[in-house]
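User: Could you walk me through reading disulfides and helix packing in a structure? I would like the general idea and then the case at hand.

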Amino acid sequence: MLDTAKGLRSGAGAWSARLSAALVTGALAGWGLVGCGGGGGAAPGTPPTVSSTTPQPAQQVAPPVQQVPPPQPGQPAPPDSPPQAKPAPFVITTLSSRSDLISGGDTLLEIRAAEGVKPESVRVTLNGKDVTAQVPVVDSAARVLRGLVTGLTTKPLAADRNSVGSENSLVVSNADDLTQRTEAKLVNYPITGPILSGPHLSPYECRLTENYLEPLASGDSDCSAKPTVAWYYRSTAGVFKFLANPLDPRPGDVATTTTNAGVKVPYIVRVEKGTINRGVYLLAVLDNPAKDPPSVWKPSPAWNKKLVIYFDGGGNAHYNQGVLNFQATALDVALSRGFAFVQSTELYNDQHANPHLQGETLMMLKEHVIKTFGEVPKWTVGTGGSGGAIQQYLIPQVFPGLLDGIQPSRSGLESMNSEIQDCKLLEKRFASYEWLTNPEKVRAFEGFNAGVCFGWSYYNSFQADLSSNCDFKDQINAAKVFNRTTNPSGVRCDIYQTNVNLLGKTPGTQEALRLFDNVGVQYGLAGLNNSTITVDAFLELNEQIGGMDGDGKWQPARSVAPTNAVRLAYAGGLRNSFSGPGLANIPIITQRANAYNANSSTDLHEAMPDLIARERLRIANGRSDNQIIWTQGASVVPLNLEAASLDLMNTWLDNMAVDPAPPSTDKVVRNKPKGATDACWNSQGKRIDEVASLEPTTACNTLYPRYSTPRMTAGAPLANDVIKCQLKPVNMADYKVPFTALQTQRLNELFKGGVCDWSQPGVGQMKPVGTYLRLPLTLQ
């Protein structure tokens, strides 16, 4: 029997829920595996049928209890006990990943033998080859064997550059009783990927030289590298330095650190660097190298058994591998406390803003950590801001269980943000208005604080022909960049193209479908109704606003998003609904240390998304009390918000780890530690405990005002989750200011197809149709 109900269940982690069903042939009658669907449906209405070959998680199902009727008169009594069952099969668990989503040709395997079986009599074969020696006995009394099984077969990529899993047969048997035999199916994929995310972007440039890595093979288009290991130390001056000789004698400025488990060690970090899913990764952890190291490295006692994943920001579609520099990105607050620390260029949103690729990469990275460390982390937590926050919100929805807690900062909620493109349209129009310098009137349309839309208007990741987005160095590749006139079939450098496996293509082209839609959007409606702007200004801007064409450039007509692409964006989780257990059942510390007041400079990352996230949680799950919101000004010095957040999360997840209850929002909430409440800090570092809200007169909102967004000023609700709105006829009762007859005529002509009906779900809006989805999806 392949155990999908145990797996990595330790502490707050529910990794076991991600262990897939394998085809199991055992000797115990009455046992089986049943698939569980990944929920989701239209809002409102019946969920669509989704065609995806991705195996869904399964659960172990106990045999039914046989009901024995009482004896009837004249009949003999039933026997005292049922006939003896056949020997129970072995319980096989793939600790490092789901058994159908293995990568790299090996898996950390655990076998639990039935009572009465001698552990030394257990035999293991892989595809007919004896691999018993790879799975040694680790606990004789409990009859547990565990080890890294290598040699799984791998199939080459398909013609469309998509991965095809290779099925492997693992058989566990008892040499003393050949009737006791269990077979499991293990599906392996190449370490270069992809597994679920669909064909990789092409052309693709390696960056091995820039990462000081050697290619694994000459001419490898997947840019695989030979892994390296180096050591760095934290100096007494507070910087990381390369440690050429990790053994004695060591430099005199090596600092010491005490982990949050109370272990005091030299602050020396082992850094492994390599490639997984084409991206470059770093795996760092405290280490104290010995003169006679063991043949197989294992983490030192300084590791606190926990894992921090760093997610970096931005949002783009680079056609290259990216570059990592440990000294530039190492997270001292994590490493000094004893956490293992992982990052990857594929978890840098400015490389490939694709949550399916990013979640897949995280899945493979975590698998690698477990196989390298030889054990499962107690729990795993994310951290990072801006595009890093986007990843932390999106990945748990699409790949639940990989992260046990998240710490998004300077939050965005998804990379496919309509309002960035709204800003480009608005700023284009404002350039011709004499009142551009009037912040109140500008804000009436934009919602954001003064200067924010202007800043976002220079964000060009939606523009297909901008070669800097592709970031090619090879001039041959640079010459392939799309140009509508000179190279219409060229490589498109926009953020939609990096998600083409989900969104699909414009028929007859290689162009990814686009999601921007502003039909029926009444820009500045709130400002009109509160008399900040005049009726004529409202009408003039909406008449002239235009839209974005298929290449991300301004056009006179408003933009129309294809309904099929919109449906796929919701169904595949690209637009974040915050539904499902991935976000509902984990602690969320939403934070920002960039809040500004009336006298400080403007940051593009405004505070409203923190409350939008909370509202989406509430709508999706009926509650949002697994999230807390912390706000701090950029000028506050006394408090390190990042460190305070990690310390609180450490206590929170430790509390959950000893709670035996299954994952739930209730479990998250009842294990909140002291201080796990909404708060802000003033410029002197004084904490103000106060529920985050839209109320402008609260202490925190007085310190750090929350501004709106272009869509919210156009009437969208706080959830702000509509890509393409449903339309309704113009109703003059919706306007709080009088219109002349001519103005009414202009309004009806302008919106003759209707205006957005924000009381209704968006066109094609639905919950994700599942998790761990294999792309492309086909909705029916």
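Analyst: Happy to. Let us begin with burial: a residue is buried under 20% relative accessible area, exposed over 50%, and partly exposed in between, using a 1.4 Å probe and protein chains only. By that cut-off Cys223 is buried, with a relative accessible area of 1%. One caution before we go on: this is a predicted model, where local features need pLDDT of at least 70, side-chain atom pairs count only at pLDDT 80 or more, and totals for chains, interfaces and linings use all residues. Residues are numbered from 1 along each chain as its sequence is written, and side-chain values use heavy atoms, with hydrogens and water left out.

User: What share of the 780 residues in the protein chain is buried?

Analyst: Buried residues make up 57% of them.

User: How many disulfides are there, and what is the rule for counting them?

Analyst: The rule is a pair of cysteine sulfur atoms within 2.5 Å. Applied here, it gives five disulfides. With the bonded cysteines numbered in sequence order, the pairing reads 1-2, 3-4, 5-6, 7-8, 9-10.

User: Which cysteine is joined to Cys223, and how do I read the link?

Analyst: The partner is Cys206, with an S to S distance of 2.0 Å. The angle about the S-S bond is -85 degrees, and the link of Cys206 and Cys223 is left-handed. The two cysteines lie 17 residues apart, both in the loop between strand E12 (177-189) and strand E13 (228-234), and the pair links distant parts of the chain. For such labels, helices (H or I, at least four residues) and strands (E, at least two) are DSSP runs, numbered from the N terminus. The protein chain has 20 helices and 31 strands.

User: Is Cys206 buried or partly exposed?

Analyst: Cys206 counts as partly exposed because its relative accessibility is 30%.

User: Where does the disulfide of Cys423 and Cys453 sit?

Analyst: Those sulfur atoms are 1.9 Å apart, and the angle about their S-S bond is -80 degrees, a left-handed link. Cys423 belongs to helix H5 (residues 418-430) and Cys453 to helix H7 (residues 452-456), 30 residues apart. Cys423 is at 0% relative accessibility, so it counts as buried, and Cys453 is buried, also at 0%.

User: And what about Cys470 and Cys493?

Analyst: They form a disulfide with their sulfur atoms 1.9 Å apart. With -100 degrees about the S-S bond, the link of Cys470 and Cys493 is left-handed. Cys470 is in helix H8 (residues 467-470), while Cys493 is in the loop between helix H9 (475-478) and helix H10 (500-503), 23 residues apart. Both cysteines are buried.

User: Now, how are two packed helices described?

Analyst: By the angle between their axes and the distance between the axes. Axes are lines fitted to C-alpha atoms, for helices over the stretch in contact, and angles run from 0 to 180 degrees between N-to-C directions. Here, helix H12 (residues 535-544) and helix H20 (residues 741-750) pack at about 25 degrees, with axes 11 Å apart. Because angles under 35 degrees count as roughly parallel, over 145 as roughly antiparallel, 65 to 115 as roughly perpendicular and the rest as oblique, H12 is roughly parallel to H20.

User: Which residues meet between H12 and H20?

Analyst: Contact means heavy atoms within 4.5 Å. On the H12 side, the residues include Val535, Phe538 and Leu539, and on the H20 side they include Arg746, Leu747 and Leu750.
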